[in-house]
Amino acid sequence: MTGFLSLENVRKEFNGVVAVESFNLEVEPGEFVSFLGPSGCGKTTTLRMVAGFEPPTSGTIRLAGEDVTYAKANERNIGMVFQSYALFPNMTVADNIAFGLRVRKEEGAARGERVAELLDLIHLPDKAKAYPNELSGGQQQRVALARALAIRPQLLLLDEPLSALDAKIRDDLRAEIRRIQRQLNITTIYVTHDQEEALALSDRVVVMSKGQIEQVGEPFEIYNNPATGFVASFVGQLNRLPVTVVDPALGRVRVGRSEIRTTSLIESPAGAEVSLMMRPEEVTLDAEEENVLEGTVESVTFLGSIVRVQVAVDGGRLTADLFNERLLVLPVAGDATQLSFPSHACWVMV
Amino acid sequence: MTISAPPIPVIETEAEQAPAKRSRFWAWVILIITALYFLVPLGATFYWSLRAEADKLGFEAYRRLFADSNFWPSFTESVINAIAAIFLSLLIIVPTAYWVTLRLPKLRPVVEFITLLPFVIPAVVLVFALLRLYGRPPLLLTATYDSSRVLLVCAYTALSFPYMFRSVDNGLRAMDVRSLTEAAQSLGAGWPTILRRVIFPNLRVALLSGALLTFAIVIGELTIALFLAQQTFGPYMANLTRSKVYEPSAMAIVAFALTWAAMGTIALITRPGKRG
């Protein structure tokens, strides 16, 4: 079945350099999909192709069943929010929001009502007559969102909209974007390099690297069952320990003198050098879990709700993220310690 | 836990305050010297213009100047020529500079060089080139006074390119042209709307400075106007300087005041906060 937004074999080259390749994606109506990846992975280029700012080198883009691959940007009815806000400095907030409606020659009274409705939606009803330079970054981005929504777009595109904002404002606006998206049930594509943002906001996350899709899935699935080493390391913190396969059938591997068991499938033969992966939050500083390793504390970093402990073990280094609680006894660098983790929490990658 | 130290009050000692006072002193000295450099000749010209009557200061030179039947026609003609040249120049330079910034940044040096040519080519060479090219059939633009005037405005437009391009280019560099354009496009706007509603209004200050320079050059331009036999303000001023004593000074003061009044009007019309 074809989705509301459909990208089929989309490819983009810039002067012979491939920016996006074999990009296939179906987005359902009302869905919130994030493109997540490092700088230069092709996520913004893909978004710009959807917006109509860059023509694909090959492939097809369909919106609501219509082929829009080479349609002009101003004929697509797609709302876009930019990282730099891109508010028109010569216009007031109300005029910025009304810009698209004026272009569509919407009648004055209806336009005024729509502007008022959107100012309420973004909680800035008293800023109609303000100019962009009189607003904070967060307020400007809210206005940019309202402006993009004013034209009742079929699709909303957000290109790293929170990157230029402070952490606290970013968190607030993130929640606001999700609330508005749910309230309007508008199909949304969100580009970000911030994995926390992508996981918190999205129905589905598209992880990209070097112009290609690495994995598409729900945030829980992306985090807990990464399909590739890149996804595993890019999304969240990850421990990677070099190990030797002992018995693939029984899920046994060796690190230094210790043997570790994993419930995940090992495809490599006995004796193969592979990597054992696990999330830092699955590792505890005790011997309560099935797999136990001896080590020496290298560093302890206090991060508020989490305390990050780095431990040198035989053959490598492991990080344990401990939940901060008042009774937590923090180790100090140089302490001998034991680390443990359950067999279902680790997996092997070549 | 993070411990933040209270801010340490900064107390400036006398030794630290001294360099600041010294730099303020020199700033004032430079300002006063610069002001004198501009104001003394202006004041002297004004004083001279008041001495038309024997043994007393007065505005006789101004009265005679305004009473001269050639003053207002030549000045009006130059103002119209300047406005036409500014308009044409804007029409050519703004879309060009915009397109170069947006789509063809590699062409900027080429366009910059082309716009600088009026600095390299002397006005007399330019006017002979114009006469050779347009003064013969089939165009024959020098056949009548009005057609020569069209040629004059075109020449003034070319003369304005270095000032206009630089002003517009600086204005465009100061704003995020690409994002603003794309934002307008995503909202359904086509190129004419983007230029009219987004780019032009946000270039207001840049356009004003380009227009000011063009106006200042065109209003007193002599060489091209003379060779194209135009009765503009430049030739009028030159003629007056040759035949009168006090009126040229009065005219200089009037021209100065009128130029600034015209610019003030433009600044008022395009004041910040007015929606484009």
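Me: pLDDT is the predictor's confidence in each residue, from 0 to 100. Which helix of chain B has the lowest mean pLDDT, and which the highest?
Reply: This is a predicted model. Among the elements of chain B, helix α12 (residues 247-269) has the lowest mean, 80, and helix α7 (residues 177-186) has the highest, 94.

Me: And what does chain B average?
Reply: The average for chain B is a pLDDT of 85, and 90% of its residues score at least 70.

Me: Where does pLDDT stay under 50 in chain B?
Reply: Over residues 1-8 of chain B. For that stretch the model has zero contacts beyond four places in sequence.

Me: What are the scores for the model as a whole?
Reply: ipTM is 0.84 and pTM is 0.78.

Me: OK, the interface. How many residues of chain A are in contact with chain B?
Reply: 20 residues of chain A are in contact with 17 residues of chain B. On the chain A side, the elements giving two or more residues are β6 (78-81) and α2 (93-103). Helix α2(A) has the largest share, four residues.

Me: What is that side made of, by class?
Reply: The side of chain A that touches chain B has 13 nonpolar, five polar and two charged residues.

Me: What about chain A on its own, how many helices and strands?
Reply: Eight helices and 19 strands. The C-alpha atoms of chain A fill a box of roughly 75 × 50 × 35 Å along the principal axes. Chain A has 350 residues, of which 40% count as buried. Of its contacts with a separation of 6 or more, 65% are between residues 24 or more positions apart.

Me: Now the core. How many residues are in the largest nonpolar one?
Reply: It has 143 residues, and those with the most contacts inside it are Leu157(A) and Val168(B). Helix α6 (residues 145-173) of chain B gives the most to this core, with 12 residues.

Me: What does Leu157(A) touch, beyond its neighbours within four places in sequence?
Reply: Its contacts there are Leu47(A), Val50(A), Ala51(A), Ile78(A), Gly79(A), Met80(A) and Ile189(A).

Me: Switching to Ala206(B): buried or exposed, and why?
Reply: Ala206(B) counts as buried because 22 other C-beta atoms lie within 10 Å, and the cut-off is 20 or more. Ala206(B) sits in helix α9 (residues 204-219) of chain B.

Me: Which residues is Ala206(B) in contact with, sequence neighbours aside?
Reply: Leaving out those within four places, Ala206(B) is in contact with Ser167(B), Val168(B), Asn170(B) and Gly171(B).

Me: How far is Ala206(B) from Leu222(B) in space?
Reply: They are 26 Å apart, C-alpha to C-alpha, at 16 residues apart in sequence.

Me: Last topic, helix α4 of chain B. Where does it bend?
Reply: At Ile114(B), by about 25°, and Pro118(B) follows within four residues. Helix α4 (residues 108-120) of chain B has 13 residues. From first C-alpha to last it reaches 18 Å, close to the 18 Å expected at 1.5 Å a residue.

Me: Phe113(B) is in that helix too. Buried or exposed, and why?
Reply: Phe113(B) is exposed, because 10 other C-beta atoms lie within 10 Å and a residue with 12 or fewer counts as exposed.

Me: What separates Phe113(B) from Pro162(B)?
Reply: Their C-alpha atoms are 9.0 Å apart, while along the chain the two residues are 49 residues apart.

How values were computed
Residues numbered from 1 in each chain as written. Chains lettered and ligands numbered in written order. Predicted model: local features only at pLDDT ≥ 70, side-chain atom pairs only at ≥ 80, totals over all residues. Core = buried A, V, L, I, M, F, W, Y, C linked by C-beta atoms within 7 Å. Contact = placed C-beta atoms within 7 Å. Expected span 1.5 Å × (residues − 1). Bend = angle between axes of the 7 residues up to and from the residue. Nonpolar A, V, L, I, M, F, W, Y, C, P; charged D, E, K, R; others polar.
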